[in-house]
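Thanks for coming, everyone. Let me put the model up, and then we'll go through it.

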Amino acid sequence: MNEAKQREALQREALSKVPEVTLVFWIIKIAATTLGETGGDTVTMTLDWGYLAGSALFVAALIVLVALQITARKFYPALYWATIVASTTFGTTMADFADRSLGIGYTGGATLLALCLAATLGLWLWSEGTIAVNTVSTPKVEAFYWAAITFSQTLGTALGDWTADTGGLGYADGALVFGAALIVLVALYYLTGISRVLLFWTAFILTRPLGATVGDFLDKPVSDGGLALSRPLASAVIAAFIIVCVLVLPQRAGRHPGPGAPGPQPVSR
């Protein structure tokens with residue numbers, strides 16, 4: 001009886017506060033990135049807050065939600081996805097601020113953000129020996145996780161803008177390019193032994209420009225290759241879709257390699 005209770009306790013300890021990476025995870029993630037684009041543009045452009053004020057608003061929301069996420073005792077889907085939406089919305093306004101207000105352009109913004117993400121993942125790897133998301137189980141690792149998430153969201157926005165504008169593909173073709181890249185990653189996942197950790201972070205970054213280009217396609221003027229839909233309306237519809245997904249689709253916490261659980265997945269595998 002005591003052994004059963006001990007096993008149950010170990011199992012509880014092996015649950016992290018981030019969701020298991022499944023198809024449901026990626027569906028909500030892509031929707032959240034699209035909401036980040038339309039929601040960020042609603043505040044900075046439609047409501048005319050500007051990029052600096054918009055970034056300040058969303059970083060404040062992000063800090064509060066990350067603090068709640070870190071102090072939470074277990075995985076709460078609504079809290080987790082609210083934090084993701086805050087990070088992707090902040091990513092939109094921050095990338096636009098870097099690209100336009102700072103005058104460094106899409107190429108400079110994407111390069112700067114790629115260096116920030118690489119530095120964050122490098123410090124995480126140096127500190128913990130792995131950057132696998134199934135190890136996100138302590139406040140320290142959670143801090144690394146959310147920093148990497150935020151930089152990857154911001155980088156993804158800059159990549160989406162760079163592809164659509166500087167690359168000359170436009171929003172619809174840009175979305176097709178990133179969608180095709182994600183299909184390649186799925187094929188690599190099922191057909192090769194490439195590091196699952198590497199594939200996860202690559203997919204996480206690429207879903208952001210996919211969402212960004214889809215969001216821009218929905219709300220940008222027809223003359224710029226968009227559909228000129230109302231940003232607030234598009235944001236409301238996407239937010240409603242995310243809420244339904246969170247409430248209806250099954251999600252459970254991922255497992256970290258705690259006592260009695262398998263060891264952490266190395267970065268090279």
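Is I131 buried or exposed? I131 counts as buried, because its relative accessibility is 9%. Buried means under 20% relative accessible area, exposed means over 50%, and partly exposed is in between, with a 1.4 Å probe and protein chains only.

Some ground rules. This is a predicted model, where local features need pLDDT of at least 70, side-chain atom pairs count only at pLDDT 80 or more, and totals for chains, interfaces and linings use all residues. Residues are numbered from 1 along each chain as its sequence is written, and side-chain values use heavy atoms, with hydrogens and water left out.

Back to I131. Look in the loop between α5 (105–128) and α6 (139–166). Helices are DSSP runs of H or I, at least four residues, strands are runs of E, at least two, and numbering goes from the N terminus. From I131 to A148 is 17 residues along the chain, and their C-alpha atoms are 9.8 Å apart.

Now D48. This one sits in the loop between α2 (23–46) and α3 (51–71). D48 counts as exposed, because its relative accessibility is 64%. Its phi is near 60°, a positive value in a residue other than glycine.

Next, confidence. pLDDT is the predictor's confidence in each residue, from 0 to 100. The protein averages 79, and 80% of the residues score at least 70. Helix α9 (residues 231–248) is highest, at a mean of 90, and helix α1 (residues 2–13) is lowest, at 48. Over residues 5–14, pLDDT stays under 50. That stretch has eight contacts (heavy atoms within 4.5 Å) beyond four places in sequence.
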